[in-house]
Amino acid sequence: MVQHDGYTCSTSTPKPLPTASTTEQPNKLCSQATSQRKDGQCFVATSFSCFPSAPSTSSSRLLSPLSRTSKPRSLLLAVSPIKDYTLGPNYSSYSVAAAAAAAAAPIALPSDAREPPSLGEITRPDFPILHQVVNGFNLVYLDNAVTSQKPSAVLKISAKATDAYEEARTKVANFVNAMDCKEIVFTHNATEAINLVAYSWGLSNLRPGDEVHGLIVLTVAERHSAIVPWQIVAKKTGAVLKYVGLTKEEVPDLDQFKRLLSKHTKLVVAHHISNVLGSVLLIDEIVVWSRNVGATVLVDACRSVPRMVVNVQKLDVDFLVASSHKMCGPTGIGFLYGKIKLLSSMPPCLGKFEAGTPAIGEAVGLGAAIDYLSSIIMQRIHKYENNTALSASSFAEEINWH
Ligand SMILES: Cc1ncc(COP(=O)(O)O)c(C=O)c1O
């Protein structure tokens, strides 16, 4: 019986436990100990043979964690809860289990037996990082508690996941005809993509109190998610927001839009298809007018990307955003298209674009949705939607519903 760190330990003679490790390799089992904490929780500690030579001295000295005289090549202790285990085994439980195991029955290895490899030796080949030689020594990694290294089996899957994620990026890039995959930044949705441009490009390009750089033209038909970030950034930088109104036909007033553009215009934010009006803006013309005054153009293509061909190179837009869940894809993923020279000059808000664990599954889902839409053919979808809109419009006229 051993008292240690609030635990009471008792030991028993070797007896394989019905766990995977012990039933698979029962010959490695050396001793087994039971430890009981003051709160009544019990653990079974099982030690395995892993010593350079068959011990002729007391195994308790060899196994004890307090022992400094012996040099075990490795020591594996399996701690199995035996009663209502709610608290994870911590250092204390391991150490007490080790102490308990130390007092257990002598290791029953015949002295001439070929020593079986330790679990460390068995699993080491699975970890490519451990095959490295650093400063002439085999790499030893001791920080598994913080971040574990990955075995080849996992690395293969991870590599597959990375490939799938990048493949999804390629699909998006091809879908909108970006020049380079690097021009696609995955975001959670279009709103986040707009915010990314506002906080990254906006804050670094719009100068406080400097109206020359602070004129933004928006149409009143922009969705609030496209307006709010610019209101915040305009407030922070002193930029001025200019709104384009609607004609009496309730479509954005492009004449007013043109009149508002001036050399003070720094950015034009426009929807491609309005979620309020359903109207389609002639983005290529807007881009030409904006270019004439040196303005950058951001297009909210949430409603157009799923239903018509959107060609960013042909439109010559600087930024374009869309959301997967409007494209038959999953929620939680969207994208920002940005011309490479603009993206590379932008300070990423969170240290880098796509910071943190990427939404791999969602991106792959978006890729599958793009495959689906492409298989139908975008021109066909656009034609069908136009015809549906025309039918709906003539039906509305018929029933005089306006
Ligand atoms: C035109 C337009 N822009 C932006 C958004 C915002 O999309 P999300 O909520 O996916 O960011 C919507 C959503 O309805 C939209 O219709």
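On the helix 6 side of their contact you will find Thr191, Ile194, Asn195, Ala198, Tyr199, Gly202 and Leu203, and on the helix 7 side Ser225, Ala226, Pro229, Trp230, Val233, Lys236 and Thr237. Contact means that the C-beta atoms of two residues, placed from the backbone, lie within 7 Å. Colour this contact by class and you get eight nonpolar, five polar and one charged residues. Ala, Val, Leu, Ile, Met, Phe, Trp, Tyr, Cys and Pro count as nonpolar, Asp, Glu, Lys and Arg as charged, and the others, Gly among them, as polar.

Before moving on, please note that this is a predicted model, in which local features need pLDDT of at least 70 and side-chain atom pairs count only at pLDDT 80 or more, while totals for chains, interfaces and linings use all residues. Residues are numbered from 1 along each chain as its sequence is written.

Now look at the axes of the two helices: helix 6 and helix 7 pack at an angle of about 20°, with their axes 9 Å apart. Axes are lines fitted to C-alpha atoms, for helices over the stretch in contact, and angles run from 0 to 180 degrees between N-to-C directions. Helix 6 and helix 7 are therefore roughly parallel, the term for angles under 35 degrees.

Then jump to proline 358, in the loop between helix 11 (340-343) and helix 12 (360-376). Proline 358 touches Tyr165, Phe186 and Ala363, leaving aside residues up to four places away in sequence. Phenylalanine 186 is 172 residues from proline 358 in sequence, yet their C-alpha atoms are 8.4 Å apart.

Finish at isoleucine 377, in the loop between helix 12 and helix 13 (378-398). Its phi is positive, near 90°, although isoleucine 377 is not a glycine.

Conventions. Helix = DSSP H or I, 4+ residues; strand = E, 2+ residues; numbered from the N terminus. Parallel < 35°, antiparallel > 145°, perpendicular 65-115°, else oblique.
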